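Student: I have a new structure to read. Where do I begin?
Tutor: With the terms, then the sheet, then the helices and loops.

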Amino acid sequence: IFNPASPAPFNIQNQMLKELLADAQKNKAQNAISVWRGDITTLDCDAIVNAANSTLLGGGGVDGAIHRAAGPQLLEECKTLGGCPTGAAKITYGYNLPASYIIHTVGPIYNGKVEQRLELADCYKNSLELARKHHLHSIAFPAISTGAYAYPVDEAARIALLTCTEWINANADYGMSVVLTCFNSGVYNAYQELVKKAQNGE
Ligand code: AR6
């Protein structure tokens, strides 16, 4: 758990994550960021985030996994949303998922331009804002843009961690548990490196 005020994140274990998410549902969310390895569709969060494309009509990767697990009603609701620009976020119900809601955001398709850092940060910030607007207290993110959209994993992980930390610090009165999920070892290693650096005060 990464408490932005002091300690560093670590690879949270299933039982502890369960307790953390249960607390959040009782409105006792800790202001914490956890790094967890696994399939985001299994998480019993108030909301999980989907790394979608601008049509919001489904795709591969985590988007495909979320649509499969949520069931066909999700696509029906997505059809009513009119798509989503890069960096923005839209919310739907979670249907057959353990999570109550899905927040769909669209990451940048990597092209090396520095503006893309802001677009990626906006994905995290706008998802967190939307969660707060809906009174949600736990949210799980995939590593947005690091799959099909080819964003370099190290930079994407740094942006994810920094943006979530800043948001939590700015909303410390609210109470939000953030779970950064890693589905592959590249993303996991990137977060681990950041943890080590934070522990060394870098
Ligand atoms: N749980 C958690 N993370 C996952 C899961 C899962 N079940 N499955 C994949 N990941 P990607 P993008 C990780 O490609 O790069 C889709 O077709 C994966 O290992 O899903 O933002 C959309 O429709 C990677 O680290 O999303 C868009 O067209 C991360 O999720 C496009 O891909 C993101 O990989 C979006 O590309």
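Tutor: A residue is buried when its relative accessible area is under 20%. Over 50% it is exposed, and in between it is partly exposed. Keep in mind that this is a predicted model.

Student: How many residues of E1 are buried?
Tutor: Five of its six. E1 is mostly covered.

Student: How do strands come together in a sheet?
Tutor: Strands of a sheet pair through backbone hydrogen bonds, either parallel or antiparallel. Here six strands form an open sheet. Read across, the order is E1-E6-E5-E2-E4-E3, and the pairing is mixed.

Student: Which are the edge strands?
Tutor: They are E1 and strand E3, residues 89–93. Each of these two pairs on one side only.

Student: By how many degrees are neighbouring strands turned against each other?
Tutor: On average by 25 degrees, with direction ignored.

Student: In which sense do E1 and E6 pair?
Tutor: In the parallel sense, over six bridges. E6 covers residues 177–182. Take two bridges as landmarks. Ile-33 has Val-178 of E6 as its bridge partner. For Trp-36, the bridge partner in E6 is Thr-181.

Student: What lies on the sheet?
Tutor: Look at two helices. H2 lies across E2 and strand E4 (101–106) and runs at about 130 degrees to E2. H4 packs on the sheet as well, touching E2, E3, E4, E5 and E6. The direction of H4 makes about 155 degrees with that of E5, the strand at 138–141.

Student: How do I read a pair of helices?
Tutor: Take the angle and the axis distance, then list the contact residues. Helix H2 (residues 61–70) and helix H3 (residues 72–79) pack at about 115 degrees, with axes 6 Å apart. Angles of 65 to 115 degrees count as roughly perpendicular. H2 and H3 are therefore roughly perpendicular to each other. On the H2 side, Ile-66, His-67 and Ala-70 make the contact; on the H3 side, Leu-74, Leu-75 and Cys-78 do. By class, these residues are five nonpolar, one polar and no charged.

Student: At what angle do H4 and H5 pack?
Tutor: At about 40 degrees, with their axes 9 Å apart. H4 spans residues 115–133 and H5 spans 153–170. Their crossing is right-handed. The H4 residues in the contact include Leu-120, Tyr-124 and Leu-128. Among their counterparts in H5 are Ile-159, Ala-160 and Trp-167. The contact of H4 with H5 has nine nonpolar, one polar and five charged residues.

Student: Now the loops. Is Asp-46 buried or exposed?
Tutor: Asp-46 sits in the loop between strand E1 (32–37) and strand E2 (47–52). Its relative accessibility is 11%, so Asp-46 counts as buried. Leaving aside neighbours within four places in sequence, Asp-46 is in contact with residues including Gln-25, Tyr-101, Leu-136 and His-137.

Student: Where is Pro-98 found?
Tutor: In the loop between E3 and E4. At 38% relative accessibility, Pro-98 counts as partly exposed. Beyond its neighbours within four places in sequence, Pro-98 is in contact with Thr-41, Thr-42, Leu-43, Asp-44 and Cys-45.

Student: How many Å separate Pro-98 and Arg-117 in space?
Tutor: They are 31 Å apart, C-alpha to C-alpha. In sequence, Pro-98 and Arg-117 are 19 residues apart. Arg-117 is one of the H4 residues that meet H5.

How values were computed. Residues numbered from 1 in each chain as written. Predicted model: local features only at pLDDT ≥ 70, side-chain atom pairs only at ≥ 80, totals over all residues. Heavy atoms only, no water. Axes fitted to C-alpha atoms, helices over the stretch in contact; angles between N-to-C directions. Helix = DSSP H or I, 4+ residues; strand = E, 2+ residues; numbered from the N terminus. Parallel < 35°, antiparallel > 145°, perpendicular 65-115°, else oblique. Contact = heavy atoms within 4.5 Å. Nonpolar A, V, L, I, M, F, W, Y, C, P; charged D, E, K, R; others polar. Buried < 20%, exposed > 50% of the residue type's maximum accessible area, 1.4 Å probe, protein only. Left-handed = near helix turned anticlockwise from the far one by under 90°. Pairing = 2+ DSSP bridges.
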